[in-house]
Amino acid sequence: KKFYDPYRDEYFFDRHRPSAEAIISFYQSGGRLDRPDEVPVDVFTEELKFFKMGDDVIQSYREKEGFHKAGEKVLPRSKLFKDLWVLLTKPTSSRWAKLFAFFSVFAILLSVAAVCAETLPMLKYSRNERSPFKDAYFLIETVCTVWFLLEAVLRFLTCPDRRRYFSSALNIYDLIAVTPWFITIITMMVDPKYMYSGWAMRVTRLLRATRALKLARYSRGLRMIGLALTASLPDIGMLGVFMGICIILFSSAIFFIETGAPTTHFESIPDAFWWALITMVTVGYGDHYPTTGGGKFLGSICALAGILTIALPVPVIVTKFDELYDREVEKDEDDERNEEEFELLKSEDESSSEAPTTMETIV
């Protein structure tokens, strides 16, 4: 009755027209459901729910789109390990989890800030080279490493499936993040002078600076960007091939055009690779540049070709990011729904266990 128009004697649904046409085609084709390319996944899903297509049809469609049904999550059997696992993996599950996540993020930022600060000229002479173990930067590094090591050990011990623990890149990086401290200790024991000027300093500083990647564990956006780039590796590889071809072509062209000029900056074709790459990405450092009219014209074409080449995989990466974000949002909604159902069943069990039986009531 809500959608019936008595004046025209017809039913009118003020809904999304392309989605409605796809749903009509589903019945006309005998069960083939295809989402129009211009319709977003979430909009089409809402239309399917509105027309009550059924859970089986919706689930089959979403699996076709790549939204596979999440399996049942495995939790540790021990109550203590289960609470610790939830504390470590779900920063928003409780106040203690938020506090633990806050200290983890603070340790990451403190460690990265110390790496940056110790390279400042004004702080370069504040290091205690006579007693490296009492150096302020070393003490900060020790405190942060102890926290990172404690976090990694707790995650491994409370993990419900330890065989698959190292299948996660973040778990592997948790172990890599604590290696700079041990490299520093070994170097200081062998020869302390290499702690400040040798290869050990360069390696440890580089590894310590990459600890900023640990923030991906507490940021959904960073995780989505990483997953989107991983899913788009074939397209990024295609971009690399196109860039390589263009670099070779433009480097060869600029070398032969600029050959013979008195102030040429291109002594060979490999020497022009750097100019072609920097021009295609529209950076233009100015260390290499053409001096002839033909070279400048070729440089303009090189810049335009670079813009077009780089722009090709961008829509693909954006589409991957949108799909992964929708999946993550749906996964979070399913987790919240499952937790609410679990808490409801748990409260019902507790209330039924506390309620007296008929014999107890009679007695």
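Modeller: A residue is called exposed when its relative accessible area is over 50%, and buried when that value is under 20%. The model discussed here is predicted.

Colleague: Why does Arg 32 count as exposed?

Modeller: Arg 32 has a relative accessibility of 57%. The cut-off for exposed is over 50%, so Arg 32 counts as exposed.

Colleague: What makes the contact of Arg 32 with Asp 34 a salt bridge?

Modeller: The closest N and O atoms of Arg 32 and Asp 34 are 3.0 Å apart. A salt bridge requires the nitrogen and the carboxyl oxygen to be within 4 Å, so the pair qualifies. Asp 34, at 34% relative accessibility, counts as partly exposed.

Colleague: How many salt bridges does the structure hold?

Modeller: The structure holds nine salt bridges. One of them joins the side chains of Glu 21 and Arg 17, with an N to O distance of 3.3 Å.

Colleague: How do you know by what part of a helix Glu 21 and Arg 17 are separated?

Modeller: Both residues belong to helix 1 (residues 17-28), where they are four residues apart; therefore about one helical turn separates them. In general, an α-helix has 3.6 residues a turn, so residues three or four places apart point the same way. Arg 17 is exposed, at a relative accessible area of 62%, whereas Glu 21, at 45%, counts as partly exposed.

Colleague: Which parts of the chain does the salt bridge between Arg 208 and Glu 141 tie together?

Modeller: The closest N and O atoms of Arg 208 and Glu 141 are 3.1 Å apart. Arg 208 lies in helix 11 (residues 199-209) and Glu 141 in helix 7, so the pair ties together parts that are 67 residues apart in sequence. Both Arg 208 and Glu 141 are buried. Salt bridges with shared partners join Glu 118, Glu 141, Arg 208 and Arg 211 into one network.

Colleague: Let us turn to the aromatic residues. Why is the pair of Phe 102 and Phe 103 called edge-to-face?

Modeller: A search of the whole structure finds 13 aromatic pairs. In the pair of Phe 102 and Phe 103, the ring centres are 5.7 Å apart and the planes stand at 70°. Planes over 60 degrees apart count as edge-to-face, so this pair is edge-to-face.

Colleague: What makes the pair of Phe 103 and Trp 147 tilted?

Modeller: The ring centres of Phe 103 and Trp 147 are 6.0 Å apart and their planes stand at 50°. Ring pairs link Phe 100, Phe 102, Phe 103, Phe 106 and Trp 147 into a cluster.

Colleague: Which residues form the nonpolar patch on the surface?

Modeller: The patch is formed by Trp 96, Leu 99, Phe 102, Phe 103, Phe 106 and Leu 110, with about 650 Å² of accessible area together. Phe 106 is placed in helix 5 (residues 95-117).

Colleague: How do you know that Phe 106 is partly exposed?

Modeller: The relative accessible area of Phe 106 is 47%. This value falls between the cut-offs of 20% and 50%, so Phe 106 is partly exposed.

Colleague: What makes Ser 232 a buried residue?

Modeller: Ser 232 has a relative accessibility of 0%. Buried means under 20%, so Ser 232 counts as buried. Ser 232 lies in the loop between helix 12 (220-231) and helix 13 (233-258). Leaving aside residues up to four places away in sequence, Ser 232 touches Val 316, Ile 317 and Lys 320.

Colleague: How do you know where the buried residues of helix 3 lie around its axis?

Modeller: The buried residues of helix 3 (residues 55-64) are Ile 58, Tyr 61 and Arg 62. They cover an arc of only 95° around the axis, which means that they are on the same side of helix 3. On the other side of helix 3, Asp 56 and Lys 64 are exposed.

Colleague: What does the protein chain as a whole contain by way of secondary structure?

Modeller: The protein chain has 17 helices and two strands. Of its 363 residues, 29% are buried. The accessible surface of the protein chain comes to about 24,300 Å², and 64% of that belongs to carbon and sulfur atoms.

Methods. Residues are numbered from 1 along each chain as its sequence is written. This is a predicted model: local features need pLDDT of at least 70, side-chain atom pairs count only at pLDDT 80 or more; totals for chains, interfaces and linings use all residues. Side-chain values use heavy atoms; hydrogens and water are left out. Buried means under 20% relative accessible area, exposed over 50%, partly exposed in between (1.4 Å probe, protein chains only). The arc is that of the directions from the helix axis to the C-beta atoms. Patches are made of residues with over 30% relative accessible area and no salt bridge: like charges are joined within 9 Å, nonpolar side chains (Val, Leu, Ile, Met, Phe, Trp, Tyr) within 5 Å. Accessible areas come from the Shrake-Rupley method with a 1.4 Å probe; for residues, only the protein chains shown count as cover. Rings of Phe, Tyr and Trp (its six-membered ring) pair if their centres lie within 6.5 Å; planes under 30 degrees apart count as stacked, over 60 as edge-to-face and the rest as tilted. Contact means heavy atoms within 4.5 Å.
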